[in-house]
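Subject: Structure handover

Hello,

Here is the structure I promised to pass on. Please open it first, then read my notes below.

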Amino acid sequence: MTRAKLQSLSLLLVGVIAFGLPLVVRSPTYLHILVLLFLYAYLTTSWNLVGGFAGVLPLGHSAFVGIGAYTSTVLALQYGISPWLGMIVGGCLAVVVGVLIGLPTFKMRGAYFALATIAFAEGIRVMVENIEYLGPFKLNGPRGLQIPPLNTGLTNFMFAEKEPYYYIILVMLIAVLALTWFISRSKLGYYLSAGGEEPEAAMALGVNVARCKLIAMAMSSFLTALAGTFWAQFTLFIHPKSVMSLDVSFEIAFIALIGGRGSIAGPVLGAIILRPVSDLCRIYFGAKLPGLHLIIFGVLLILVMIFQPRGLQEPLTKLYHRFLDRMTTQPARAD
Amino acid sequence: MLYVLEDAINGILIGSIYGLTAMGLTVIFGVLKVINFAHGSLLMVGMYAAYWAVALTGIHPYLSLIVVAPVMYCFGYYLQDIIIKPIFKAEKDVREPITVIIVTTGVWYVLDNLSLLIFGPQYRTLQDNPLRGKMLEFGGMMLSVPKLWGFVTALATAAAIYWFFQKTRLGRAIRATSLDREAASLMGINQYRIYNVAFGIGTAIAGIAGVTLVPFYNVFPSVGVLFDIKGFIIVVLGGLGSIGGAILGGIIVGVIESVGPQFMAATWTEAIVYALFLVVLFVKPSGLFGVKYDW
């Protein structure tokens, strides 16, 4: 068996497992955990376009989640527009905001960029908390918006069971992973990582670093906003402290960093490691040991940064390649 | 008009305390070139230390400084020595290591939630301390006495730190390291020890800020988050690395927060502070009083 064949076979196996899981996992609680896992894997993969490839540390992606969630929800509640359409509108709105944030901030370095993105996201959250009506649109201030679960069905992006949500977010995740894979092998991907590691050298070679970063930011904010709509339709209740809270931004960054930012597998791996820890801790220890999962997050983050600064994907990728080597060389020897 | 003046003066008082909470951040940034995301948590630890020192012994809140400041200094010194130093060594040639920022975020999460586990989520206040709720009447205006104490402490701390950096041998070594760490190392300064000392000083200042807050503010595990973001805003307004700038930045934020509600809904003042922060960040990232860095 050749190496490429084996690789695609293992990828196929993962795909089959992912699509088959709801047939085995029947409990709504565990399906809920799985949906959130994929949601965060999706969010982190979108974040990774900027935070990983472009080599900066954005800590305000909750703003885009919020924009996506609010846009589609307001359009659906007030005008009866399908959330699928609202999703696209929200994405476009997020691109505008993302570019507006990116234009001035990409000139800054490291810490300043992180602070500026936090300030932007928090500023947007504070504004939404203070606005009851934005022109004709009812935002409802701090009380948020509730989506009455009346018309379930595909066109309304609303289902009584968890399974449809599971498949939707799974398809979204696969799509964004494919996009990331494509970008990482494109000119843009190389420009981005060059600009992230050595901006001066990249600029000297004629790479328009700022433009590449802006393109990455636009894509990242669009994709993140799509997840915001999914979030709203999944929980059917959004308010500024949930979809726009700083905790969301930080959790995304944590998942990326522990999994390994700048890699394709990293965000998914990080979500697989961190999300169940967070949910299971809350289910089993939530009453007695509040905040336990956040302690685990923090300790894990510190340890990973000290011992595996490129994230946990690095040792696992090595292991995977060693496994591939062994599987492909042994039959050759037998011949 | 008198109301506005009264609010402005109270804003200056609370603002100087904000400045004190952010001063440690600016000291640490000035030397390590790292934004310490755990600074609010260090403040929280300082507040708990002050709270327990006063609650268990019943001394005057400000007497607890004798215990809190040295304890916090040691805490910061070893926190940097054990957790942050290994990463600095690994990223020796990176001028502004993002990894260190991330590790301080991890420290923030661990400290906040450890204190949630240990002390529980309840709000604690020092009920019967001699400063609580005291007011001073001054020309028809009511001024809060504990905030006045905080104001004096903030100015005294700023002066002391300034004197330490300018006049002492260790202070000069710290400044040399902050200007050029390679050159300082060549002069025989152990840069990692300087980092430890700077982090210790920053943490001790957070402890002092904790002492000034405890007489009139609630203590709870996530109290640091309130001051964390505010602290970032203040140090960028004042100029990262500038000690006087931290106090002035704090006063700006304090005055906006206390005068603003006279003219608009109180929650909008927060948005104004963010807007001001972003304007300064874009127009003059070195801050209003800051030293110019090549960002």
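Start with one residue. B:Ile87 sits in helix α3 of chain B. Is B:Ile87 buried or exposed? B:Ile87 counts as buried, because it has 20 C-beta neighbours inside 10 Å. The cut-off for that class is 20 or more. Now look along the chain to B:Gln127, 40 residues apart from B:Ile87. The C-alpha atoms of the two are separated by 43 Å.

Keep in mind that this is a predicted model. The scores are ipTM 0.82 and pTM 0.88. For chain B the mean pLDDT is 85. In that chain, 96% of the residues reach 70 or more.

Chain B, overall

Chain B holds 11 helices and two strands. In sequence order the pattern reads α-α-α-α-β-β-α-α-α-α-α-α-α. The C-alpha atoms fill a box of roughly 60 × 45 × 35 Å along the principal axes of chain B. What radius of gyration does chain B have? The value is 19 Å. A compact globule with 295 residues would come near 19 Å, so chain B agrees with that expectation.

Of the 295 residues of chain B, 54% count as buried. Take the contacts in chain B between residues at least 6 apart: 78% of them join residues at least 24 apart.

The two strands of chain B

Strand β1 of chain B covers residues 135-138, and strand β2 of chain B covers residues 141-144. The two run antiparallel and are joined by four bridges. B:Met135 stands opposite B:Ser144 in β2(B). B:Leu136 has B:Leu143 as its bridge partner in β2(B). Together, β1(B) and β2(B) form a hairpin, with two residues between them. In the turn, B:Gly139 has a positive phi of about 55°.

B:Lys284 lies in the segment after α11 of chain B. Which class does B:Lys284 fall into? B:Lys284 counts as partly exposed, because it has 14 C-beta neighbours inside 10 Å. Partly exposed means a count between the exposed limit of 12 or fewer and the buried limit of 20 or more. B:Lys284 and B:Val236 are 48 residues apart along the chain. Their C-alpha atoms are separated by 9.5 Å.

Chain A

Chain A comes to 14 helices and four strands. Its radius of gyration is 21 Å, close to the 20 Å that the globule rule gives for 335 residues, so chain A is as compact as a globular protein of that length. The C-alpha trace of chain A spans about 75 × 55 × 40 Å along its principal axes. Of the 335 residues of chain A, 47% count as buried. Now take the contacts in chain A with a separation of 6 or more. Residues 24 or more positions apart account for 75% of those contacts in chain A.

Where the chains meet

How many residues of chain B are in contact with chain A? There are 37, and they contact 34 residues of chain A. Four helices of chain B each supply at least two residues of the side that touches chain A: α3 (65-90), α4 (98-119), α9 (223-238) and α11 (266-283). The largest share, 14 residues, comes from α4(B). By class, that side of chain B has 30 nonpolar, five polar and two charged residues.

The nonpolar core

The largest nonpolar core has 191 residues. Which residues have the most contacts inside this core? They are A:Ile169 and B:Ala198. Helix α9 of chain A, residues 209-235, gives the most to this core, with 15 residues.

Leaving out residues up to four places away in sequence, B:Ala198 touches B:Val27, B:Ile28, B:Val31, B:Leu32 and B:Ile174.

That is the set. The structure is yours now.

Best wishes

Notes:
Residues numbered from 1 in each chain as written. Chains lettered and ligands numbered in written order. Predicted model: local features only at pLDDT ≥ 70, side-chain atom pairs only at ≥ 80, totals over all residues. Contact = placed C-beta atoms within 7 Å. Nonpolar A, V, L, I, M, F, W, Y, C, P; charged D, E, K, R; others polar. Core = buried A, V, L, I, M, F, W, Y, C linked by C-beta atoms within 7 Å. Rg over C-alpha atoms; globule rule 2.2 N^0.38 Å. Pairing = 2+ DSSP bridges. pLDDT = per-residue confidence, 0-100.
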